[in-house]
Amino acid sequence: MGEMLRPQTESKNVGQWLLDNIVTLIFVAFTLFGFFVSENVSLPFFLSELSSRIFRNTFLVLSLIIPVLAGLGLNFGIVIGAMSGQIAISVVRYFELGGIPGLLYAFVIAFFVAALCGYFTGLLYNKTRGQEMIASLIVGYFANGVYQFLFLFVIGVIIAVPATHPMIKPDGIGIRMTVDLVPAKSGGLKYALDDIWTIPFVHALLVVAAGIIIFTAVRWWLNNKRGESYRNDRGSAIGSVLLGAALTAVSVYALATGSQLMMVRRVPVVTGLLIVALCFFTVLITKTKLGQDFRSAGFNQHVSQVSGINVDQTRIIATMISTVLAAWGQIIYLQNMGTLNTYNAHTQIGMFSVASLLVGGASTSKANIKNAIFGTILFNSMFIMSPEIGQSLFGQALLGEYFRTFMVYGVIGLALGLYVWKALKQQRAASLEE
């Protein structure tokens with residue numbers, strides 16, 4: 001009897017795994033299909049574009065994790081943080097500050113602007129409890145209106161500025177559509193962070209491989225030392241070690257033979273260190289009392305309130321942290337781009353970051369660092385391959401551009417639809433047990 005039930009159970013587990021990872025699998029298949037049909041995509045080009053996009057976008061995606069832990073769902077409102085970062089960059093460039101000092105000024109200004117905006121956004125989320133994702137979308141549109149009013153009217157009409165300034169429109173009212181951030185070497189912000197220290201891509205692979213192996217070994221040792229309550233996942237550990245070993249082998253081979261990997265664009269070390277620092281911050285904050293409050297509020301707000309946790313305050317703090325991190329992430333993004341598209345740079349940040357997190361396997365109630373990093377890699381792989389697939393299959397790269405826009409909204413819709421379906425399924429199962 002047990003042997004008859006085992007295949008059915010295994011089949012059910014496989015089906016459940018496929019359902020849980022359907023979004024990720026679609027993007028993996030799409031990227032592989034792109035390589036199969038595209039003839040003009042070389043490995044150095046793909047990896048150069050991918051690494052540039054990863055360092056440009058990962059910080060923004062990581063800013064979404066804490067609100068998910070706190071039960072706020074997918075914070076589309078990080079667009080407010082992005083606008084805060086752009087305000088900071090505009091102030092810095094107006095006073096013609098640049099280089100590392102200018103970048104630091106931008107981070108400090110963005111902190112205060114984003115923290116204030118995050119506080120008021122958190123208050124709104126507490127008033128719209130249970131509908132935070134919808135509220136975050138609406139407040140993002142509202143904030144965009146305020147932002148445009150500030151940059152189109154207040155600057156020049158209420159706040160007097162010289163019409164001769166390169167950022168200001170010729171009539172002296174409003175900021176130009178596009179602002180050149182000027183290379184850091186010439187006193188601007190372009191590559192101010194990225195150019196501090198760069199290393200070859202292959203060397204970066206070796207560092208990542210060593211980091212994966214060391215982190216896995218230390219985590220295994222710590223879990224063994226802590227006792228039974230911290231059990232090691234043998235399969236996950238073996239997978240991590242094999243990944244580290246594979247990256248090491250590829251790197252050593254590339255160094256020994258001078259393969260195409262040596263042609264990949266150099267990697268910005270300091271930007272990478274900031275991303276690693278944010279990963280450690282996210283892990284460490286979950287170990288604190290505040291982090292435990294985040295998890296408790298995300299699991300059950302009523303029980304948390306009864307236990308003495310100020311749920312409203314906890315949710316506001318989570319929103320403020322996410323907004324500040326998004327502001328800093330937007331500064332990192334823009335210094336890499338080298339130009340500020342004043343009125344459009346922030347518009348898709350929320351959608352793209354949320355889609356990246358979902359592609360990595362996250363949901364509206366569960367997200368971690370692995371989801372953010374893996375999702376950023378897959379999502380940006382799709383972005384690179386879409387025009388190539390459109391060109392190869394239909395002779396028009398523009399069709400690929402349309403398709404990736406469809407993929408963004410499709411992923412969000414599919415993920416939210418699956419979440420609702422699973423919630424309804426659990427409710428039915430609970431009612432049947434009663």
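In this predicted model, Phe352 counts as partly exposed, at 28% relative accessibility (buried means under 20% relative accessible area, exposed over 50%, partly exposed in between, with a 1.4 Å probe and protein chains only). Residues are numbered from 1 along each chain as its sequence is written. The model is predicted, with local features needing pLDDT of at least 70 and side-chain atom pairs counting only at pLDDT 80 or more, while totals for chains, interfaces and linings use all residues; side-chain values use heavy atoms, leaving out hydrogens and water.

Phe352 belongs to an aromatic cluster together with Phe27, Phe379 and Phe383. Searching the whole structure gives 12 aromatic pairs (rings of Phe, Tyr and Trp, the latter by its six-membered ring, pair if their centres lie within 6.5 Å; planes under 30 degrees apart count as stacked, over 60 as edge-to-face and the rest as tilted). One of them joins Phe111 and Phe112 edge-to-face, at 5.3 Å centre to centre and 85 degrees between the planes. Here Phe111 is partly exposed, with 35% relative accessibility, and Phe112 is exposed, with 56%.

Phe352 and Phe383 also pair edge-to-face, with 5.2 Å from centre to centre and 75 degrees between the planes. This pair links distant parts of the chain, 31 residues apart: Phe352 lies in helix α14 (residues 349-359) and Phe383 in helix α15 (residues 369-394). Helices are DSSP runs (H or I, at least four residues) and strands likewise (E, at least two), numbered from the N terminus. Phe383 is buried, its relative accessible area being 10%.
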